[in-house]
Amino acid sequence: MDKLNIDRHISQQYNSALDDLKKEFLEMGGVVEKQIIDAVQSVAEADVDTAQKVLTTEQDVDAREMAIDDLCTQIIARRQPTASDLRLVMSVSKSTRDLERIGDEASKIAKMAIAISESDDVPHGFSELRNLGRQVHDVVDMTLTAFARYDVDLAVEVVSKDKVIDREYDTAMRELITYMMEDPRNISRSMNVIWALRALERIGDHASNISEQIIYLVKGLDVRHQSADEMVQQLNQE
Amino acid sequence: MTDKPLKTIDRVNRTLGKRHRAEKRFRLYGMLSIGFGLLCVLFLFTNIIGKGLNGFTYHFLELQVELDRETLEITDITNENQILAANYSGVVKRSVYEFFEAQGRKNKASARKLIATEGTGYILQGRLKENAEDLVDTQTTVWALVDDKVDFYLKRLGDPGEPGKHEFNEQQLQWIHEAVEAGKLKRKINWAFFNAGDSAHSEEAGIRGAVMGSFYLLLVTFCLSFPIGVSAAIYLEEYAPKNKWTDLIEVNINNLAAVPSIIFGLLGLAIFLAFFGLPRSTPLVGGFVLSLMTLPTIIISSRAAIKAVPPSIRQAAYGLGASKMQVTLHHVLPLAMPGMLTGTIIGLAQALGESAPLLMIGMAAFIPEIPAGVTDPATALPMQIFQWFRNADAGFNEKASAAILILLVFLIIMNALAVWARRRLERRW
Amino acid sequence: MNTNVMTETAGDIVAENKPVTADTIAEQNADAYETVGNAFCDQAKMSMRNVNVFYDEKQAIYDVNLDIGTNEVVAMIGPSGCGKSTFLRCLNRMNDTIDICRVEGQFYLEDQDINDKKMDVVPLRARVGMVFQKPNPFPKSIYDNVAYGPRIHGLADRRSDLDEIVENSLQKAGLWAEVKDRLHQPGTGLSGGQQQRLCIARTIAVSPEVILMDEPCSALDPIATAKIEELIDELSQNYTIAIVTHSMQQAARVSHRTAYFHLGKLIEVNETEKVFTNPDHELTEAYITGRFG
């Protein structure tokens, strides 16, 4: 038997198709990440131009999603991937949807930024928004890194961080509700902020979903719909 | 590097002509060798057929013979011995003298020499044996055999140098030509050649005895070598363990096939005649010897046929739980049968043409009787041919060529049989 | 430990470890090797224990333990020369016909050790039938092909019984409709796929308990292959099936459990779903994803 390298597929084309898939996914992740940064920035600085940029990028993200889906279909049709390859294709296919949703949420924030910029006064809750925005961005960044490195630990961290984000969101919400109760005139403005916070929280959920897919990709374990503790327990069993 | 580098196709084209020429030459060599072979075969066949066809015909003189008791010296026509011993040549001679209107001792002798009186006498004897009562004291027409010198002369009439002419005097030549012109002396198919046994006289000699001898030989050979050969092949292929002993046996079988056939004759002489004391010159012993000679061929071809049975068929049968014997009998043997039969027939054809081993066991003797069984002394076709060719008489040479034709026909029939058997059995599925 | 290695192999974007080759892994596993996954089952029809097979001095199979459950389809996959066919042929002692082949170990068909030299192979092969790689119908009629097994085992006393067996077997093999009007024409005149189904009909005509299939579709076109696979699925209702295949997709499609052989060793046995989505062993992973083979 000659020396065979089990790192690589016998088929170079198959290899490069899978590499392309990963590259495309990470690129899309990069674009979406930038969208989040821009969106949060546009809210924080009432920057309409940046917000507009986020909205235009949204079309790019949609196009990328379709391209990746197409690539997945092609690989399934031509190569009938199995095992880790199959898990890669499946998880990328699912995660792409989450990435696209993240893009959508970012667009929502951007739209809100435009709406807020039209009214002059600075609404309450911006600091929370910025704070949450930074954390959400961190989580998305970690998710993409975890994917690039097939890093399960990092993915688990993302899931647990998402819980932190959820708590922060709750706190911010409570604060804003109190604020609105104090002065009902603030309600319409605060609602915009709430929507933005809500969007950020959703982004965190999507990142968490992607992380679960990464765990499936690497470990072959379906860890969806579990608490972080259960997840860690299951991972340790393996 | 001023030249533009040649493209592949240019390089290919450059040598293309040379390659085509080499191709043609190569084909030519093959055609030449086949042509040479065909030429040899053609030469052989024209030569043998040209000579041999003469052997099938003979010249006959239409004679009116008076079968009177006195000359025949028969007193009692119911007495078989008298009929057998009657003086037939006497009546024939008398008719000959009458026919040629020969007068005087010298002329009578000349006339007598033109006809094979004894041979003609046998024809008459044969007729009387069947129906003496009606024929005795009547006149009958008989196509009398001419003397073999006359036949030789007449068959070569047109040839340069007029071979055989010097044998005759003026009177005889005149008679011969008159008889030919009168339509009384004719060339006819010599049925005796097919019906008679060997004889000292070429005009009476036939191949019946040799053909029957060969038939009995082959019968014995087939009955012995086919079952033994096939069983041996089956055992060696299907049952025998593969070890040094079976290797040794295999080598020996292959070597036996290459042993000169005369050695088998010696073996037969030593074992069957000297040791077992079987009667010499018989097809039985000849068949034993030829079986020994044919066996290796049959074993080798049968083994090849068994080997050629696809292993998938064997596996299928084993997979269903068939025992070894069932696999062999139900599947291997039927599939190998065409090949085995072909090998056997080719082995038998070889045996048919074999003469050397038969020499050693006395089947080269002069045996005029037609054998009626495997224990009667007999000779075989190739032996007969050999003996006739050895004979100085020109008439026998002709017969030998004719016998060769018969032998060839038998060989062709057997080979055709082999092809047919293979086709027929194989085509079933 | 295995999973770690696998993570590295899969993550070839960032992985910078030296190339892992099939040979190095096989070497690592040469001394202490253990089949991963689930080689045993509760309702075993056949149980193989400590199987070693030698061709002369060359060892072809190393210490294999495997159960084949009742009415289960077990697929055996692996690169060429990995011993999967050899192992399959041990299950009805077809290796007996190869002189230089020596088989050690216990093969239990239910409670009987079939590798016992005293055991008669004829009844064994009536219980464990086999379908071969190349369709190999006998050069006889379709009817005689199917009737051959029942005839030699004396399963039918009367002609009508035999007719019934033939019809039933052809029905089960899904061939009856196609050949019922030409039962007495040669079986070799059928198409490749029909021939293979005829061979399956011939095998089930003796009502075996286990059917061994040695790459049954390797000589067939995809449609014929699909029909055979459908047939395997139907047969698994009543028969225990062990199938060797070169097509991983086929193993994935037809089998309940998949066994992966590598260089004469049974590397992994697992539920087919698991093997094809998340195999335990890196060699299995490498083989089924097409990284060597």
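Trainee: Which hand does the crossing have where α12(B) passes α14(B)?
Mentor: This is a predicted model, where local features need pLDDT of at least 70 and side-chain atom pairs count only at pLDDT 80 or more, while totals for chains, interfaces and linings use all residues. Residues are numbered from 1 along each chain as its sequence is written, with chains lettered from A and ligands numbered from 1 in the order in which they are written. A crossing is left-handed if the near helix is turned anticlockwise from the far one by less than a right angle, and right-handed if clockwise. On that rule, α12(B) passes α14(B) in a crossing that is left-handed.

Trainee: So how are α12(B) and α14(B) oriented to each other?
Mentor: Helices are DSSP runs (H or I, at least four residues), numbered from the N terminus. Helix α12 (residues 244-258) and helix α14 (residues 283-307) of chain B pack at about 130°, their axes 8 Å apart; axes are lines fitted to C-alpha atoms over the stretch in contact, and angles run from 0 to 180 degrees between N-to-C directions. Under 35 degrees is roughly parallel, over 145 roughly antiparallel, 65 to 115 roughly perpendicular and the rest oblique. Therefore, α12(B) and α14(B) are oblique.

Trainee: How many nonpolar residues has the contact of α11(B) with α14(B)?
Mentor: Helix α11 (residues 208-239) of chain B packs on α14(B) at about 35°, with axes 6 Å apart, and their crossing is right-handed. Residues are in contact if their C-beta atoms, placed from the backbone, lie within 7 Å. Ala, Val, Leu, Ile, Met, Phe, Trp, Tyr, Cys and Pro count as nonpolar, Asp, Glu, Lys and Arg as charged, and the others, Gly among them, as polar. This contact has three charged, nine polar and, for the nonpolar class, 19.

Trainee: Which element gives the largest share of the side of chain B that touches chain C?
Mentor: The contact takes 22 residues from chain C and 15 from chain B. On chain B, α15 (311-319) and α16 (324-352) each give two or more. The largest share, six residues, is from α15(B).

Notes
Two residues are in contact if their C-beta atoms, placed from the backbone, lie within 7 Å.
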